[in-house]
Amino acid sequence: MNRLPLDDVGARYQSVALRVFDMIAVIEPDTIIRWVSESISTHLGYDPAELVGTSAIDLVHPDDVDRTLDELAKELGGNNVGRALALRILHADGEWRYLEVLASNQLDDPDVEGVILTLRDISSKRLADRAFAASEHLYRTLAMTATDITTITDLSNNRIYVSPSVTPMLGYQPEEFGNLPASAFVHPDDLTLWHDAVAEAEAVPGGVRRVELRCRNAAGTFRWLEATAVNLHHDPLVGGLVVHARDVHERRQAQEALFHRALHDPLTGLPNRTALLDRLSSSLTARSDTGGIGVAVLFCDLDGFKEINDRFGHHTGDEALNVVAQRIKAAVRPTDILARFGGDEFCVVCVDLADIDAAIQVAERVRIAIAEPLALYDAVTAVGVSIGIAWSGGEGLSAHDLLRRADDAMYRAKSRGRDRVEVFTLTPPPPGQTQRRGPLVVGDNERTA
């Protein structure tokens with residue numbers, strides 16, 4: 001084939017260069033470059049004149065040469081019309097650039113007589129695609145391995161995404177969980193709390209609300225979750241309410257156990273002194289606010305308990321306290337509040353009593369129940385109880401006032417022979433019966449010296 005001088009070739013392809021974007025080259029079937037556009041210097045740093053007469057394959061990355069020659073052969077054979085090829089081309093600075101190359105066989109065109117290559121630098125796009133693929137892989141991996149549940153709910157309340165972590169945490173498949181209404185897995189007592197949190201989050205773009213609630217797992221048991229709702233309806237890439245939920249069941253149980261221990265006696269499981277004062281104060285306030293009938297406190301101190309401790313040991317004494325606690329509980333009304341006040345002392349708060357006689361009836365049932373013999377391990381023994389009653393019919397007494405009066409009445413019962421019930425009166429006790437000696441701690445229970 002006769003080659004035209006460079007000036008004639010340039011003139012012949014001038015119209016082609018003006019109509020095609022990016023770089024243009026014309027090569028012969030043996031890959032020798034006959035002409036390249038000026039834009040080659042901008043994209044690849046070469047002087048166009050230096051490339052004419054050289055092989056285009058010399059600029060192709062060695063790993064892409066076979067693929068390039070195969071595609072060129074297909075184009076020359078008429079089997080690859082319009083197919084773009086991505087390959088690496090050597091830049092003048094020695095670095096490799098990704099180019100998209102489109103070959104067009106124009107050997108039969110007398111104005112061309114060669115293969116036109118249109119080349120576009122896609123290095124930036126290639127890097128962006130790789131970054132996007134890496135990012136997508138990263139987030140997919142995070143979603144697959146995260147322990148927290150993530151869901152996205154659209155404005156129609158359809159869950160458009162549920163993370164795979166819902167399976168190990170709650171036992172549901174993502175598609176199964178996505179079709180469940182909140183009422184199907186949120187505890188009925190927490191449903192209003194959840195709906196309120198969602199409404200508050202959705203009230204403003206970017207709104208965030210956090211709430212702890214119980215959720216039913218696939219096995220039917222409830223677990224505590226901490227759920228954070230984030231309003232991203234306005235974000236075009238999200239378009240929904242995003243909820244992140246993590247399991248806080250063990251932490252919640254530990255908190256509840258600590259709270260229970262703070263307000264309950266570890267031996268009997270009954271409310272302790274702190275809990276009793278709180279509930280008595282609430283009962284007196286409620287009576288004052290609603291005009292209830294009356295509140296009574298029964299202060300119970302066991303008679304003869306010290307002898308059980310001394311004779312059988314504190315382990316047996318602890319068992320006796322548990323038996324007594326169950327007997328008192330069975331003798332009082334279901335609405336009454338029973339607490340272990342300390343040592344061998346118990347208190348009962350009776351609310352909504354018609355009069356003091358009703359309180360005395362409760363106290364007598366307690367006294368009779370405790371007097372029954374105690375079968376403790378290999379021993380059978382018995383204890384009695386001295387009970388003091390204080391009554392509030394609306395005098396504005398505080399919880400401490402009422403307890404103090406019941407305690408005084410109990411000591412009056414002790415001084416009058418024990419195993420009896422006494423009601424507090426404003427009449428002072430006999431001389432020598434106004435002082436009470438303090439508790440002496442022995443093991444889990446206490447004895448009064």
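Trainee: Which element gives the most residues to the lining of the largest pocket?
Mentor: This is a predicted model, and its largest pocket holds about 560 Å³ of space. Thr153, Arg159, Ala182, Phe185 and Trp194 are the closest to the pocket's centre, out of 30 lining residues. Elements giving two or more residues to this lining include strand E6 (149–153), helix H7 (174–178) and strand E9 (222–232). The top contributor, with 4 residues, is H8.

Trainee: How many residues in the lining of the largest pocket are charged?
Mentor: The lining of this pocket has 18 nonpolar and 9 polar residues. The charged ones number 3.

Trainee: How many cavities of 30 Å³ or more are there, and about how much space lies in the largest cavity?
Mentor: The count of cavities of 30 Å³ or more comes to 1. The space in the largest cavity is about 360 Å³.

Trainee: Which residues are the closest to the centre of the largest cavity?
Mentor: The largest cavity takes up about 360 Å³. It is lined by 26 residues. The closest to its centre are Ala56, Thr68, Val101, Leu117 and Leu119.

Trainee: Which element gives the most to the lining of the largest cavity?
Mentor: Among the elements that give two or more residues to this lining are strand E2 (33–36), helix H4 (65–76) and strand E4 (96–106). By class the lining has 21 nonpolar, 3 polar and 2 charged residues. The most, 4 residues, come from E1.

Trainee: Is Leu117 buried or exposed?
Mentor: Leu117 belongs to strand E5, residues 114–121. Its relative accessibility is 12%, and the limit for buried is under 20%, so Leu117 counts as buried.

Trainee: What separates the C-alpha atoms of Leu117 and Ala25?
Mentor: Leaving aside neighbours within four places in sequence, Leu117 is in contact with Met23, Ile24, Ala25, Ile27, Val101, Leu102 and Ala103. Leu117 and Ala25 are 92 residues apart along the chain. Their C-alpha atoms are separated by 5.0 Å.

Trainee: What share of the contacts in the chain with a separation of 6 or more comes from residues 24 or more positions apart?
Mentor: The chain has 14 helices and 19 strands. Of its 449 residues, 43% count as buried. Among contacts with a separation of 6 or more, the share from residues 24 or more positions apart is 53%.

Trainee: How far apart are the end C-alpha atoms of helix H13?
Mentor: Helix H13 covers residues 356–371, which is 16 residues. At 1.5 Å a residue the helix should span 22 Å. The distance in the model agrees with that, at 23 Å.

Trainee: Which elements do the buried residues of H13 pack against?
Mentor: The buried residues of H13 include Ala358, Val362, Val366 and Ile370. In an α-helix there are 3.6 residues a turn, so residues three or four places apart point the same way. The buried residues of H13 pack against strand E11 (295–303), helix H12 (314–331), strand E13 (345–351), strand E16 (384–392) and E17.

Trainee: What span should helix H14 have, and how far apart are its end C-alpha atoms?
Mentor: H14 runs over residues 399–415, and its buried residues include Leu402, Asp407, Arg412 and Lys414. With 17 residues at 1.5 Å each, the helix should span 24 Å. The end C-alpha atoms agree with this, being 25 Å apart.

Trainee: What is phi of Arg418, and where is the place of this residue?
Mentor: H14 is followed by Gly417, which has a positive phi near 120°. Most residues other than glycine have a negative phi. Arg418 counts as partly exposed because its relative accessibility is 45%. Its phi is positive, near 70°, and its place is the loop between H14 and strand E17 (421–423).

Trainee: Does Asn157 count as buried or exposed?
Mentor: Asn157 sits in the loop between E6 and strand E7 (159–162). It is not a glycine, yet it has a positive phi of about 70°. Its relative accessibility is 62%, and the limit for this class is over 50%, so Asn157 counts as exposed.

Trainee: Which residues is Thr381 in contact with, leaving aside its neighbours within four places in sequence?
Mentor: Thr381 lies in strand E15, residues 379–381. At 17% relative accessibility, Thr381 counts as buried. Its contacts are Ile308, Phe312, Pro373, Leu374 and Leu376.

Key:
Residues are numbered from 1 along each chain as its sequence is written. This is a predicted model: local features need pLDDT of at least 70, side-chain atom pairs count only at pLDDT 80 or more; totals for chains, interfaces and linings use all residues. Side-chain values use heavy atoms; hydrogens and water are left out. The expected span of a helix is 1.5 Å times one less than its number of residues. Buried means under 20% relative accessible area, exposed over 50%, partly exposed in between (1.4 Å probe, protein chains only). Contact means heavy atoms within 4.5 Å. On a 1 Å grid over the protein atoms alone, a cavity is a set of points where a 1.4 Å probe fits but cannot get out, and a pocket is an open set with protein on both sides within 12 Å along at least five of seven lines; lining residues have an atom within 4 Å of a point. Grid points are joined across faces, edges and corners, and a volume is the space filled by probe spheres set on the points. Ala, Val, Leu, Ile, Met, Phe, Trp, Tyr, Cys and Pro count as nonpolar, Asp, Glu, Lys and Arg as charged, and the others, Gly among them, as polar.
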